[in-house]
Amino acid sequence: MLKHTAIAFIFSLVSTISLAQEAPHLNDAQIAHIAYTAGQIDVSAAKLALEKSEDPKVRSFAELMENDHSAVNEEALALVSRLNVTPEENAVSSSLANQALEAEQRLRSLSGGEFDRAYVENEVAYHQAVNEALKGVLIPNAQNSELKSLLETGLALFQEHQSHAEHLLHEMK
């Protein structure tokens with residue numbers, strides 16, 4: 001079941017990323033909405049982990065995810081406010097939100113070590129997909145230099161998150 005949960009999440013994210021790659025004309029307002037939505041998804045996942053997990057390492061990782069993604073989203077909101085840009089919902093951000101809801105429902109059905117492993121597997125898959133989207137679609141399409149810089153800062157941070165999640169998953173084996 002764990003492998004199926006992680007694989008389903010990976011496929012859903014890959015589908016979303018493919019959708020993003022097929023949408024070459026994303027504007028900055030749409031990119032901002034996608035980035036913010038992705039951050040909110042990980043904040044929600046972290047809150048679920050803090051609610052369900054009793055593993056100190058998983059809880060510590062979830063606290064880091066909640067704090068870091070919340071901080072990046074606060075910076076993003078401050079930037080779009082300063083630029084007088086309203087983030088624009090789009091097919092990619094909607095798809096991400098819907099898929100995250102499905103993943104959350106799957107995670108909610110798990111408990112104990114099964115939940116911990118599925119959560120960390122999803123964090124690895126999630127950060128891989130988001131980092132690829134940042135590198136391949138969002139950063140190259142961002143027109144505003146401040147937005148591009150924020151996305152690049154986020155990419156560096158999220159690459160650290162991916163490494164952290166991979167290390168945590170390796171420790172669970």
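I started with I41, which is buried, at a relative accessible area of 14% (buried means under 20%, exposed over 50% and partly exposed in between, with a 1.4 Å probe and protein chains only). What I have open is a predicted model, where local features need pLDDT of at least 70 and side-chain atom pairs count only at pLDDT 80 or more, while totals for chains, interfaces and linings use all residues. Residues are numbered from 1 along each chain as its sequence is written, and side-chain values use heavy atoms, with hydrogens and water left out.

**Entry 1: the fold**

I looked up the secondary structure and found six helices and zero strands (helices are DSSP runs of H or I with at least four residues, strands are runs of E with at least two, numbered from the N terminus). The order from the N terminus is α-α-α-α-α-α. Of the 173 residues in the protein, 49% are buried. Next I checked contacts (heavy atoms within 4.5 Å). Among those between residues at least 6 apart in sequence, 84% join residues at least 24 apart.

**Entry 2: back to I41**

I41 sits in helix 2. What does I41 touch, not counting residues up to four places away in sequence? I noted L96, A97, A100 and Y126.

**Entry 3: the largest pocket**

Rolling a probe the size of a water molecule over the atoms shows where empty space is left. My terms come from a 1 Å grid over the protein atoms alone: a cavity is a set of points where a 1.4 Å probe fits but cannot get out, a pocket is an open set with protein on both sides within 12 Å along at least five of seven lines, and lining residues have an atom within 4 Å of a point. Grid points are joined across faces, edges and corners, and a volume is the space filled by probe spheres set on the points.

The largest pocket holds about 210 Å³ of space. Its lining has 17 residues, with I41, D42, S44, A45 and A100 nearest the centre. Helix 2 (28–52), helix 4 (91–108) and helix 5 (112–141) each give two or more residues to this lining. Helix 2 has the largest share, seven residues. By class I wrote down ten nonpolar, four polar and three charged residues (Ala, Val, Leu, Ile, Met, Phe, Trp, Tyr, Cys and Pro count as nonpolar, Asp, Glu, Lys and Arg as charged, and the others, Gly among them, as polar).

**Entry 4: the largest cavity**

How many cavities of 30 Å³ or more does the structure hold? There are three. The largest cavity has about 260 Å³ of space. I listed 24 lining residues for the largest cavity, of which I34, A35, A38, L134 and F158 lie nearest its centre. Helix 2 again gives the largest share, here six residues. The lining of the largest cavity has 20 nonpolar, four polar and no charged residues.

E123 is in helix 5. Leaving aside neighbours within four places in sequence, E123 is in contact with D42, A45, F61, M65 and A165.

Last, I turned to N84, in the loop between helix 3 and helix 4. Is N84 buried or exposed? N84 is exposed, at 71% relative accessibility. Its phi is near 60°, a positive value in a residue other than glycine.
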